[in-house]
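Here is my note for your first read of this model. Please keep the structure open as you go through the points.

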Amino acid sequence: MVEIPYGKRMKPRYVRFLIITAVGIALVAFGLDIPWLLITLIVLGVLNAVVCVGALYVLTKQPHTVSDDELRLRQLGFFDWRIPTADLGAAQVAERSHKGQRSVEVIGDALVIQSLTRTNVTVPFHEPQLVDLGKTGARQVERVEFWADDPDRAVREINARTT
């Protein structure tokens, strides 16, 4: 199994959120004399910090992976899809911008797993695949587009297992 990291673009954003949250908690703690509001804002700040630390952890410890049997694509802790390598066509580097509303969604005939509105790897399927994203229902897709920190390596590793 080979890891395909995807968090390089998102990590700085979560670190900034974490720093802003810490500064915000400190300012609230020193600036407010209303006990119930102080406690409420500190609790919300701590919860936000926990979410940021959790996102950083997931970005580091749960990358996309490819093995002889499957390509596993993830998006933080919210999306995890396993595709048998036998169903994959030849992967290509293809950087694209997307105007999607969600980080994982079907756009046209592609399942798009965005990193800050960008993807850089596209993998077609031999046959259309069914993907269920919950609220939007099951949809057929003909390819998947996702972000990899090193797209050339990702394409090499995927294609080594599909050809």
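**Pocket and sheet**

1. The largest pocket has a volume of about 340 Å³. A pocket here is an open set of points on a 1 Å grid over the protein atoms alone, where a 1.4 Å probe fits, with protein on both sides within 12 Å along at least five of seven lines. The volume is the space filled by probe spheres set on the points.

2. This is a predicted model: local features need pLDDT of at least 70, and side-chain atom pairs count only at pLDDT 80 or more, while totals for chains, interfaces and linings use all residues. Residues are numbered from 1 along each chain, and side-chain values use heavy atoms, without hydrogens and water.

3. Helix H1 (residues 11-31; a helix is a DSSP run of H or I, at least four residues) gives the most, with 3 residues.

4. Now the sheet. 5 strands (DSSP runs of E, at least two residues) form an open sheet in the order S5-S8-S9-S7-S6, with mixed pairing. Two strands pair if DSSP finds at least two bridges between them. S5 (92-97) and S6 (104-107) stand at the edges with a single partner strand each, so one side of each is left without a neighbour in the sheet.

5. S6 and S7 (residues 110-113) run antiparallel, joined by 4 bridges. Val-104 stands opposite Ile-113 in S7.

Conventions:
1 Å grid on protein atoms, 1.4 Å probe; cavity = no way out; pocket = protein on both sides within 12 Å on 5 of 7 lines; lining within 4 Å.
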